[in-house]
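Please keep the sequence and the structure at hand while reading.

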Amino acid sequence: MRKYEKGAGNSGDSVVLAGAARLPSAGKRLLAALWLVVLLFTIGMLAAGWPRYWVYVAAETTPQAWLESVLLVLAAAVAALNAVVASLEKGSSVPSRGFNGKAVGTDPGTYEAERVAQGAHGTERTAQGAYEAEKTAQGADGAGKAPGAPWSRRKGRAGRLADARSAARGRGLSGWIARHAAWGWTITAAAFAWLALDERFALHERLRDRYLKQTGIRLLPWMEAGDWLIPLYAVCGLAAVWALWRLLGRGIAARVFFAAGLVVAFCAVSMDTIDIRSLGKDSERLLQTIEECLETAAMAAFVSAFLSVLTGRLSAWYNKTSIRRDMQD
């Protein structure tokens with residue numbers, strides 16, 4: 001007999017399988033295989049050229065760069081699959097009814113966010129309800145005290161109502177992202193596909209050397225002239241971080257991998273902005289090798305985050321089907 005538990009967050013009327021939020025065992029095996037392949041490939045490239053360790057890693061046309069482009073293509077493909085799954089979920093977003101009329105859904109948090117984000121009227125009602133619940137929860141303790149100044153009471157009520165409305169708007173924005181998850185994942189897939197093309201054919205390096213360098217403009221003192229595209233990529237990525245964070249859902253594994261990928265990618269991008277022509281040969285080779293290894297780790301982390309979401313959704317679908325079959329039996 002399967003065990004059930006109450007959904008987390010504000011979805012008190014939702015029922016999910018116990019442990020459904022955790023990464024399934026199949027997903028763990030996929031992630032372990034992914035990281036093992038990446039690690040063995042990178043170590044193999046370093047060992048193959050030793051003591052000239054940089055030969056198969058540092059340049060733009062090395063096998064290590066090929067692995068990075070493959071990881072970016074894989075990230076784009078998994079994001080596209082998440083878009084397909086999100087589109088299918090949107091068609092069946094209304095949860096079925098289970099025991100005692102309670103909802104049975106794949107993602108109670110998403111359902112609750114969509115229920116809260118019904119519109120301005122629903123948001124106002126949610127905010128007023130939050131205030132009323134807070135006022136009722138004060139109990140006899142508040143009733144037995146002497147009333148304060150009328151202005152203080154009015155100000156406190158207005159402040160609490162404003163806080164409740166702000167929280168409702170935040171949940172409404174999360175619900176909006178949840179309702180448009182298919183488009184979000186599609187844009188993510190397109191962005192990673194572009195990065196894969198850039199990595200495979202060194203597009204930003206070619207644009208920099210052929211056109212942008214002629215301007216002689218440096219964004220920062222240590223950067224190469226005309227090297228603007230990498231910082232532009234970084235700014236676009238940072239602008240999309242919050243939306244991607246919401247797209248990942250509540251899975252711990254997906255968010256941990258995504259956060260780790262952001263940190264490692266920031267380090268790699270920071271190193272990529274350094275003008276290597278100002279360094280000695282040994283320092284240049286070491287810097288480029290470390291940078292490529294960090295880029296590989298960041299790309300593997302993003303693939304892991306997207307793969308965690310996909311396997312979690314597929315597992316939730318299986319669990320939902322199993323629940324319905326049990327109820328029919």
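## Overall make-up

Of the 329 residues in the chain, 38% count as buried. The model is a predicted one, and its chain holds 12 helices and four strands. Among the contacts in the chain with a separation of 6 or more, 70% are between residues 24 or more positions apart. The accessible surface of the chain amounts to about 18,800 Å², and carbon and sulfur atoms account for 65% of that area.

In soluble globular proteins, nonpolar side chains tend to be buried together. In this chain the largest nonpolar core has 34 residues, and those with the most contacts inside it are Leu71, Trp185, Phe192, Leu248, Phe258 and Phe306. Two or more residues are given to this core by each of helix 1 (25–48), helix 2 (63–91), helix 7, helix 10 (241–247), helix 11 and helix 12 (281–328), with helix 2 providing the largest share, 10 residues. If residues up to four places away in sequence are not counted, Phe258 touches Val241, Leu244, Trp245, Leu248, Phe302 and Ala305.

## Helix 8 and what covers it

Helix 8 spans residues 203–210, and its buried residues are His204, Glu205 and Arg208. These residues lie on the same side of helix 8, because they cover an arc of only 100° around the axis. An α-helix has 3.6 residues a turn, so residues three or four places apart point the same way. The cover over the buried residues of helix 8 includes helix 7 (181–201), helix 9 (229–239) and helix 11 (252–272).

| Residue | Place | Relative accessible area |

Leaving aside neighbours within four places in sequence, Leu74 is in contact with Leu34 and Val303. The C-alpha atom of Leu74 is separated by 9.2 Å from that of Ala196, although the two residues are 122 residues apart along the chain. Leu219, for its part, belongs to a nonpolar patch on the surface that it forms with Leu220, Trp222, Ile274 and Leu279, and the accessible area of these residues together is about 420 Å².

Terms used. Residues numbered from 1 in each chain as written. Predicted model: local features only at pLDDT ≥ 70, side-chain atom pairs only at ≥ 80, totals over all residues. Heavy atoms only, no water. Buried < 20%, exposed > 50% of the residue type's maximum accessible area, 1.4 Å probe, protein only. Arc of directions from axis to C-beta. Contact = heavy atoms within 4.5 Å. Core = buried A, V, L, I, M, F, W, Y, C linked by side-chain atoms within 4.5 Å. Patch = residues over 30% accessible without salt bridge, like charges linked within 9 Å, V, L, I, M, F, W, Y side chains within 5 Å. Areas by Shrake-Rupley, 256 points an atom, 1.4 Å probe, with all protein chains shown as cover. Salt bridge = Lys/Arg side-chain N within 4 Å of Asp/Glu carboxyl O.
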